[in-house]
Every structure is written in C-alpha cells, then in structure tokens.
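Here is a friendly note to read beside the model. Take the points in order, and keep the 3D view open as you go.

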Amino acid sequence: MRTHYPRTRHLPWSPGATPDDLRTTDLGGLRGREVVVTEKLDGENTTLYADGLHARSPDSAHHPSRAWVKALQGRIAHTVPEGWRICGENLYARHSLAYDDLDGYFYGFSVWDELGWCPDWDRTVRFLRERGIPAPRVLWRGVFDERALRALRLDLGRQEGYVVRTAEGFMAEEFGQRVAKWVRPGHVTTGTHWMHSAVVPNGLGPDAPLWAVRSGAAADPEALAAALGPALGPAGPDALAAALEPALGPAGTEALAGTEREACGSVETVTASAPGQPGRAGGPGADAVPDREAAERVDTGGVLGDTRLDTVLAALLHRQRRARLAAGLAGRLGLPQARRIADLVGLHPVLHRPYPDADRPCGLRRLSRAADLAALHAVARATADGREAREQVEWSALHAEEIRPLTGLAEAFADLDAESAARCRAEAHTAYADGRIGGPGEAVAATWRWRSGGFPRLIRTVGPSGSGKSTFARGLPGVDTYIGLDDLREARGSRSDQRANGEILRDALGRLDAALTGRATVVWDATSLNRQQRSLVEAVARRRDALVTDAVVLVDEDELVRRNGRRAHPVPPPVLASQLRRFGPPYPGEAHRTWYIGASGTIEEEA
C-alpha cells in the first residue's frame, strides 16, 4: 500500500510560511518532551518501499532526477520489511539551494512500520545507517525549549531551515503534533520550477564513497582511497622513518629505514596457530599498498551498512599493519569502526590455513568474539592467494554456518553491578566457546561464583610510549595500587635505563601478586605491546582470579611522534620506531573487558 507523506506544519515563528501552508497553533505535542532538531534539506520528498518508490504523490511520474534514488531502492529493497516505508529527501537535482558536500543523493528522515508507527530517532538513524542511508545533520537536541529554537542561527544562503520532531516514536495520526518545521523567508527563488529545467546535479562530499558502499553499491577503490586520504598512506618502514626524520637527521633516517625494512620483511601481518589464538602482529613493509582487486571481489551476501563497509575496507587495506590501521582510520571513521576493520585485517589470514576439524567449532566461536564471522570469511575469500587458501576458507565457512553468537547476556546479568556483569559476560563467552554452555540461561548458572563481585580488579595499559596511557591510568577513580614500570626505573636512578629491566619486571610482578587481593583495584602501567609481554601479567591475574581490563590506547603514528617530542622524558626515536613495529593490540576477548582509548584520551569503545 502506498502512503502519501503528510504535510509538515510550520512553527509559529517560521518566516517562510505561505498562505497555502499549515501552521501549528498548539505546541503541546512538543512541550516537555525531548526533541531532535535536524537540518531541513532542499530536495524532493520521496518514499521508498520494498517494491518501489514514489515522490510525495503516490502517482508521481518518472523524472530523470529520480534515476539515482531508484537504483538505491533496488539495492536496499531486500532489507525493507514488508509494509514498511522509508521517507526522505531526494537531493539529486539542484532546487533553490546548491549542495556540494552531500553524503549521498538521498537522506532519510523517518521510517514507518506496517502499523503506522514511526520509531524513536536513535532507532531510526540505526535503521537508515544499516541500509547505507544518511540522516540529516542534527542541529540541536534536548527538552523542547522555544527560546533555544528561536535562537538557532542558520546560514540562509546554504540552509533551507530546520525540522523539529520528538525523539521518542509516535503513530502516524500524531504526526501533526510531533513534527513541525521552520523555513527561511523567500525560500523559492528560481523563476522556473526545477522539474521543468535542465537537471543540474548537486555535489557529493568526501564521505559519499563510504555511504555508497554501505548501501550496496559496487566498491570504487580509487574513490575509497581518496575518501580515506592519509589513512591509506605508506605504512612501511620508510614512512615511519620519514616521520622521525626531524629527530634522527638524514643519516639516522636512512639507517632506521634499512633496519626496519629488514625486520618487517620477515614478519607477516598476523601469525596464528589456531582460530581464536592470534599471534604476533607485525608490519608488512613497504609493499603495504591498497589491494584494489580484493576490494572489488568482496561479496557480503546482501549485508549492507557498516558491516559491508568494514568488509570492503578490510579487503582493500589487508596489507596494512593492524595497529597503524586502527589508529589511522579512527579520526576518519571513529574508533569503533576503525578497530573492527583493523581486527578483520589482523584475523582473516587465520582462515587461509589448515586447522583440525575437531577443534574448529571452538576456534570459530572464539573468533566470533573478536569479529563478525561472515565479514571475516568475506575478507578471507577476497584476499585468498591460491587454491588451497580458497578451499580452506570455504571449508571454514561451512562450519561457521553452525556458529551462532551468544546473545542475551546483557539482560541475563542486568541485575549486577557493572564489573560483576562484565566478568560474568566474559566468563560466559569463554564457557560457550569451549562448548560447556549453549545459551544465556546456562550462562547464569555457570557464572554464579563471580556474581557477588568478590574478586580483585586489574587494569592493564597497552600502547606505545607517549600514547597517553599513564595520563589515562592516573585519572582513574578508586585505584588502590598503581604499578608503573617507568616509576620503578626512576626509583632506581633513571626511567630511561633499560639495563635492569628483568629485575624490575620481577619486582613489579611480585608487587602485582601481593596487591591483587580481596576487591582491590590495581593498575599495571606498561607498554604491554604484544601477547608475550601481556602473558606474564595474565598469569598473575589468573592465579589471583582477577577481572582483567585492557586499556588500549590507539593514537596515529604522526600524532605519537609529535607527543613524544613534547614529553618531559621523550623516548629515543629508534626505540619508538621499534615499539610501533612490534605493537599488536589485544583483540576483544583476550581480556575479560577491553577499553579502546583514542587520541581524546577517553574510552571510545568497550568490548
């Protein structure tokens, strides 16, 4: 059934209302409620369904400006539930305003189910993003405040106005009370209606190739490379040496590059003995260039949204160093998505190698804690080199069809405090991976011993020198004992003196063992660059039955070099270069809980 989109009433102070427009005279449906104010875009109102689309009028005829949005509807149709509709703005043709930085030519602003229910705003945005459809920019959000809305200042040469809607959902018959708009004066300035003029397309912005991939469009590697910019720059030792050149000088730069090239050339991106047991993360050297053919080969089986983008970008960037990739993409895509892409890059080679079938379900369940299995297999297919690797991926994929992620744990442990719940969830995942439990009901029974929270807490920092680990750790509340390896070196005379590292480490581990008692919270402040370094601390934590939280700091290498230069105790550039080459951040599931901390110095994701 086709549904005509209702007319949106003007707010009482909207100057762009004409005599034919409707004005709202009662703001009772907005007052006292949380509202979201979004930019009103100058396009053609359009509604998408699983089986077609139309402009504002259900009987609208074809127009050349609708070809792009028709292609979009064809790509996402299989994801639109029967009877649902997506309403938004078709911005392909220029109307009164010219846009030059659109994320795409269709922006969604509401979703309606088969009963006429419009979900809350946050759920609406998620629904749209899962189909590769951007939403208009949010200009203001909060409890309805007429004075705040009247005070909004727009660039009237570039913005048509704004739309106010309640953040909570509402039924179609409530539309007139829950949605209203403000439009600039003299909005229509063209002498001829845009539909009767030559179609002039609006301009797309730098994020458009990313949104196109989310919506199921074929990957354009060149456009993606341009969209990601510096994150796709050289990742090999020459690039790292160049970043350190001001500190090293030309001769030192060349010497470091030669050393790093030799070291990196012998290290794979990931070496792992088994699924779910990733090994050392290294760097592939100067050949770490985008693999455009792999990106074009990716098949996500109809899955759209960020999962599709993660998969395509992981295939494109699979030769990059994982740690560098996570930090480099964070500024462009946000840390959670950058981390997911980097983990796909780090883990997918595991699927190219043989693995005992008897242990494969356990291994795949462990892998599912760190990455989406379907995405992981899609990346592995696209990057497989040779028949044997491809066969291993397909055989693994057959087994993966039987693996279902363990869900429902948030609800199962909702009555617990945050740390007890985190511990129980982590232990339940481990039991599930080992085949000891099959669902959330059994998870509750299997984790009873940790429900009281009667265990010590260990927070372990992870990251290169100068990344901000100590600053973050020293700001944590409720810490009973702080163990910093630099502090112990300084107590012996010099924090840069590495000659007594073995003795200092033994001393620190002894302090850790003594401190992890009762419900104490202990911070271990060290670089903890790889699994081997982290394993010594893990052994003590296991013996003391501690909740382990990894605080992983991911900072772009260029920023790290700048920070190191400003430190009171800078690390020698060759040492920093060596740390960056050896840095292998933990995957989700290696600790009970993982905090990912970005350049802001705050937790941007918890896994």
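1. Let us begin with a term for later: a salt bridge is a side-chain nitrogen of Lys or Arg within 4 Å of a carboxyl oxygen of Asp or Glu. Please note that this is a predicted model, where local features need pLDDT of at least 70, side-chain atom pairs count only at pLDDT 80 or more, and totals for chains, interfaces and linings use all residues. Residues are numbered from 1 along each chain as its sequence is written, and side-chain values use heavy atoms, with hydrogens and water left out.

2. Confidence. pLDDT is the predictor's confidence in each residue, from 0 to 100. The protein averages 88, and 87% of the residues score at least 70. Where pLDDT is low, the predicted coordinates should not be read in detail.

3. Overall make-up. The protein has 24 helices and 18 strands; these are DSSP runs (helices: H or I, at least four residues; strands: E, at least two), numbered from the N terminus. Of its 607 residues, 53% are buried. Buried means under 20% relative accessible area, exposed means over 50%, and partly exposed lies in between (1.4 Å probe, protein chains only).

4. Cores. A nonpolar core is a set of buried Ala, Val, Leu, Ile, Met, Phe, Trp, Tyr and Cys residues joined through side-chain atoms within 4.5 Å. The largest one here has 51 residues, and Leu224, Leu313, Leu329, Leu376 and Leu554 have the most contacts inside it. Apart from it lies another core, of 19 residues, including Ile504 and Leu512. For contacts, the rule is heavy atoms within 4.5 Å. Leaving out residues up to four places away in sequence, Leu554 touches Phe583, Pro585 and Tyr596, among others.

5. A buried threonine. Where is threonine 447 placed? Look in the loop between helix H18 (440-446) and strand E13 (457-462). Threonine 447 counts as buried because its relative accessibility is 0%. A polar atom of its side chain lies 2.8 Å from the backbone oxygen of alanine 443. Beyond four places in sequence, threonine 447 touches Phe413, Cys424, Glu427 and Ala428.

6. Helix H23 covers residues 557-566, and its buried residues include Glu557, Leu560, Val561 and Asn564. An α-helix has 3.6 residues a turn, so residues three or four places apart point the same way.

7. Charged pairs. The structure holds 49 salt bridges. Side chains of opposite charge can pair when their charged atoms come close. In one case, arginine 332 and aspartate 207 meet at 2.5 Å, N to O. This pair links distant parts of the chain, 125 residues apart: arginine 332 is in helix H11 (residues 322-333), and aspartate 207 is in the loop between strand E10 (179-183) and helix H5 (208-214). Arginine 332 is partly exposed, at 26% relative accessible area, and aspartate 207 is partly exposed too, at 24%.

8. More pairs to find. Arginine 544 forms a salt bridge with aspartate 513, and their closest N and O atoms are 3.2 Å apart. Arginine 544 counts as partly exposed because its relative accessibility is 33%. Finally, Arg33, Glu168, Glu174 and Arg178 are linked in a network of salt bridges.

Terms used:
Polar contact = N/O pair within 3.5 Å; in protein donor to acceptor, adjacent residues only side chain to side chain.
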